[in-house]
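Hi,

Here is the structure I promised to pass on.

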Amino acid sequence: MKEERLDKILVSQSIGSRREVQKLIRCGEVTVNGEIIKKPEYKCSPEASVISVDGRTLEYSEHIYIMLNKPAGVVSATADKYDKTVLDLVPKEMYRKGLFPAGRLDKDTEGLLIITDDGDFAHRMLSPTKHVQKQYIAHLDCEITDETIKRFEEGIVFADGTRCLPAKLEISPEGNRMIGIVRICEGKFHQVKKMFLSCGIKVVQLSRISIGNLYLDSKLPIGCCKLLTNLEKELVFIGNIH
Ligand code: URA
């Protein structure tokens, strides 16, 4: 297995900047396989070694997976001429080359967005054939009827003939018929808004609350990021509907 410098490994795991992790190492806060290592240039295999920082064992991951509670007003892109992007919200210590949003939320849509540098993961999560369910809360300009629920269930067809897969629409648990919970397994452009529009309903606010079994952390403030653990990352694929 490939060996790397200890300071480089810690930086790659968002423990801190190169200078910060070197300080941690020199202060004796880092162990490799139980032994205190005080040399930042010490080489080991990140996969095969047990690395601990300040007594806590590192959960090494080659790639990074970030949960963002996306606010309205930022675009799901890596760069934009006019608007702030979701990458602008990634804190310095989590930032690394090759990050991109795994799927897009519209500029005015809020909620759960995953930012990663792992293309395979994004593909698995986004491909309709993988059946990963995305759940949205939609605030509407009029009430949901049983007919609307039935049309979602049958698969909405847009005016241009584009066919959506069958989707689940429920009225909010509080019984407010102007708030719908929508579950879809695909990600066509403006899909949820267009599905409602096909039924004569305008979406006034949209937020994504889950992807697979991974739910937006209710303690994560709007506009903030947190790293996903390996377990949280796997929740995306646990309990897919097929
Ligand atoms: N559907 C939409 O219409 N917009 C989003 O941002 C996501 C799903």
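This is a predicted model: local features need pLDDT of at least 70, side-chain atom pairs count only at pLDDT 80 or more; totals for chains, interfaces and linings use all residues.

The protein chain has six helices and 15 strands. Its C-alpha trace spans about 65 × 40 × 35 Å along the principal axes. Of the 242 residues in the chain, 46% are buried. If you take the contacts between residues at least 6 apart in sequence, 64% of them join residues at least 24 apart. The accessible surface comes to about 13,100 Å², and carbon and sulfur atoms account for 51% of that.

Now the ligand. Which residues sit around the ligand? They are Leu 105, Asp 106, Thr 109, Tyr 136, His 190, Gln 191, Val 192, Lys 193 and Leu 206. By type, that shell splits into four nonpolar, three polar and two charged residues. Helix α5 (residues 191–198) supplies the largest share of the shell, with three residues.

A backbone N or O atom of Gln 191 is 3.4 Å from an oxygen atom of the ligand. For Val 192, a polar backbone atom lies 3.0 Å from a nitrogen atom of the ligand. Lys 193 also takes part, with a backbone N or O atom 3.0 Å from a ligand oxygen atom. On its own the ligand has 240 Å² of accessible area, and the protein covers 95% of that.

Next, helix α3, which runs over residues 119–126. Phe 121, Ala 122 and Met 125 are buried there. Looking down the axis of α3, those buried residues fall within an arc of 100°, so they line one face of the helix. On α3, the face turned away from the buried side carries Asp 120 and His 123, which are exposed.

What covers the buried residues of α3? The cover includes the strands β7 (65–70), β8 (100–101), β9 (110–116), β10 (134–140) and β13 (203–211), along with helix α6 (230–235). At the N-terminal end, α3 is capped by Asp 118, which has a side-chain oxygen 3.2 Å from the backbone nitrogen of Asp 120.

Ile 222 is in the loop between β14 (214–215) and β15 (225–227). Leaving aside residues up to four places away in sequence, Ile 222 touches Asn 69, Pro 71 and Glu 110. The C-alpha atoms of Ile 222 and Ala 72 are 9.2 Å apart, although 150 residues separate the two along the chain.

Asp 54 is in the loop between β5 (51–53) and β6 (56–57), and His 131 is in the loop between α3 and β10. Are they exposed or only partly exposed? Asp 54 counts as exposed because its relative accessibility is 58%, and the cut-off for that is over 50%. His 131, with a relative accessible area of 22%, is partly exposed.

That's everything from my side.

Cheers

Methods
Residues are numbered from 1 along each chain as its sequence is written. Side-chain values use heavy atoms; hydrogens and water are left out. Buried means under 20% relative accessible area, exposed over 50%, partly exposed in between (1.4 Å probe, protein chains only). Helices (H or I, at least four residues) and strands (E, at least two) are DSSP runs, numbered from the N terminus. The arc is that of the directions from the helix axis to the C-beta atoms. Contact means heavy atoms within 4.5 Å. A polar contact is a pair of N or O atoms within 3.5 Å; within protein, one must be able to donate a hydrogen and the other to accept it, and residues adjacent in sequence count only if both atoms are side-chain atoms. A residue is near a molecule or strand if one of its heavy atoms lies within 4 Å of it. Accessible areas come from the Shrake-Rupley method with a 1.4 Å probe; for residues, only the protein chains shown count as cover. Ala, Val, Leu, Ile, Met, Phe, Trp, Tyr, Cys and Pro count as nonpolar, Asp, Glu, Lys and Arg as charged, and the others, Gly among them, as polar.
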